[in-house]
Amino acid sequence: MAGNAGPSTVREQGNITLQCTKLTETNYPSWSILVETVLRAHGLWKTVTGEDEDEKRNYTTKAVIYPTLPEDVLLQVAKYNNAEEVWESMRIRYLGTDRVQKERLQTLRGDLERLKMKDNETIDDFSGKLGAIVEKFKSLGSCLDEEMAVRKFLNSVPHKYLPIVASIEQYSDLETMSLEDEAVGRLKAYEDMLKIHDESNEEQGQHGQLLLSNGEHDGRQYGRGRGRGFGRGERGRGRGSGRGDRSGFRCYECGEFGHFAYECTNWKDNDKEANLIQEEEPALL
């Protein structure tokens with residue numbers, strides 16, 4: 001919207017410079033409070049309420065209001081002759097009629113009641129949504145009680161925040177607690193602590209998985225070593241611990257300790273005996 005958002009100086013009242021903020025799309029409630037205060041300070045408010053029809057004071061009142069308006073709004077209200085009409089047209093423009101305003105407030109209360117923080121939302125995200133609803137109440141000329149906003153905030157967070165919520169409700173005075181500085185700040189600190197705890201658990205889980213993987217790798221290496229050391233090629237059973245010590249190995253051929261089956265010489269003697277028997281059998285026949 002066109003127009004400077006800076007303050008507009010009215011004139012000095014004694015040694016005090018009275019200023020009105022520029023009107024925007026969202027600050028009508030605060031703007032109307034400031035302008036009304038300035039008009040009352042100059043004894044001009046009755047021209048807005050219709051109780052004073054003096055022409056000079058009427059134009060003086062419009063002269064106070066006009067500099068605070070954006071250009072497009074000023075062009076729309078310039079057609080009104082008296083300050084009362086100007087003020088009422090501004091109220092309807094930004095707040096609507098009383099019936100429309102009540103309907104908007106009712107819709108806003110429903111939005112507030114349904115507002116819940118999701119598990120994947122951060123405290124900053126959710127407090128931003130709640131803060132936006134609070135500002136909408138203000139823009140409609142209403143005000144959401146600070147205690148109500150704090151209680152809504154605490155009652156809308158997921159279960160993982162219940163320990164800090166219970167602590168706040170037990171040891172803090174919710175009637176005097178501010179939403180942004182205290183309630184949001186304390187839950188944000190708790191959220192940061194949970195994040196650090198989760199990251200620590202994740203690192204420990206990754207470390208444990210690495211140890212498990214290494215253990216499985218060592219087990220496979222051990223199994224392959226056993227297969228090579230005691231396989232069919234070396235047919236033997238070991239009970240020694242030294243790498244070159246064969247005293248603990250039993251030969252599968254003869255059953256004696258001290259050598260492997262492929263080194264066994266007893267089978268040669270057995271073969272010689274078998275050959276002799278075979279040679280003697282024809283002679284006997």
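# Close-up views of charged and buried residues

**View 1. Glu88 is partly exposed, at 34% relative accessible area.** Partly exposed lies between buried (under 20% relative accessible area) and exposed (over 50%), with a 1.4 Å probe and protein chains only. The model is predicted: local features need pLDDT of at least 70, side-chain atom pairs need 80 or more, and totals for chains, interfaces and linings use all residues. Residue numbers start from 1 along each chain as its sequence is written, and side-chain values use heavy atoms, with hydrogens and water left out. Find Arg91 beside Glu88: their side chains meet in a salt bridge, 2.8 Å from N to O. A salt bridge puts a side-chain nitrogen of Lys or Arg within 4 Å of a carboxyl oxygen of Asp or Glu. Both residues belong to helix α5 (residues 83-95). They sit three residues apart, about one turn of the helix. Helices are DSSP runs (H or I, at least four residues), numbered from the N terminus.

**View 2. Glu36 and Arg40 form a salt bridge.** Their side chains come to 3.0 Å, N to O. Helix α1 (residues 28-41) holds both partners. Here the spacing is four residues, about one turn of the helix. Glu36 counts as partly exposed, at 25% relative accessibility. The whole structure has seven salt bridges. Side chains of opposite charge can pair when their charged atoms come close.

**View 3. Asp124 and Lys188 form a salt bridge between two helices.** The closest N and O atoms are 2.9 Å apart. Asp124 lies in helix α7 (residues 123-139) and Lys188 in helix α10, so the pair ties together parts that are 64 residues apart in sequence. Asp124 is partly exposed, at 40% relative accessible area. Lys188 is partly exposed too, at 29%.

**View 4. Five residues make a negative surface patch.** The members are Asp145, Glu146, Glu180, Asp181 and Glu182. Patch residues have over 30% relative accessible area and no salt bridge; like charges are joined within 9 Å, and nonpolar side chains (Val, Leu, Ile, Met, Phe, Trp, Tyr) within 5 Å. Which helix gives the most to the negative patch? It is α10 (residues 179-229), with three residues. Glu146 has its place in helix α8 (residues 146-155). At 38% relative accessibility, Glu146 counts as partly exposed.

**View 5. Asp52 makes a polar contact from a loop.** The loop runs between α2 (45-49) and α3 (55-65). Is Asp52 buried or exposed? Asp52 is buried, with a relative accessible area of 16%. Its side chain contacts the side chain of Arg57 at 2.6 Å. A polar contact is a pair of N or O atoms within 3.5 Å; within protein, one must be able to donate a hydrogen and the other to accept it, and residues adjacent in sequence count only if both atoms are side-chain atoms.

**View 6. Glu135 and Asn27 are 108 residues apart in sequence.** In space, their C-alpha atoms are 9.3 Å apart. Glu135 lies in helix α7. At 46% relative accessible area, Glu135 is partly exposed.

**View 7. Leu112 is a buried residue of helix α6.** The helix covers residues 98-114. Leu112 has a relative accessible area of 9%. How many residues separate Leu112 and Ile133 in sequence? They are 21 residues apart, with 7.0 Å from C-alpha to C-alpha.

Technical notes
Accessible areas come from the Shrake-Rupley method with a 1.4 Å probe; for residues, only the protein chains shown count as cover. Lys and Arg count as positive and Asp and Glu as negative; His and the chain ends are not counted. The place of a charge is taken as NZ of Lys, CZ of Arg, CG of Asp or CD of Glu.
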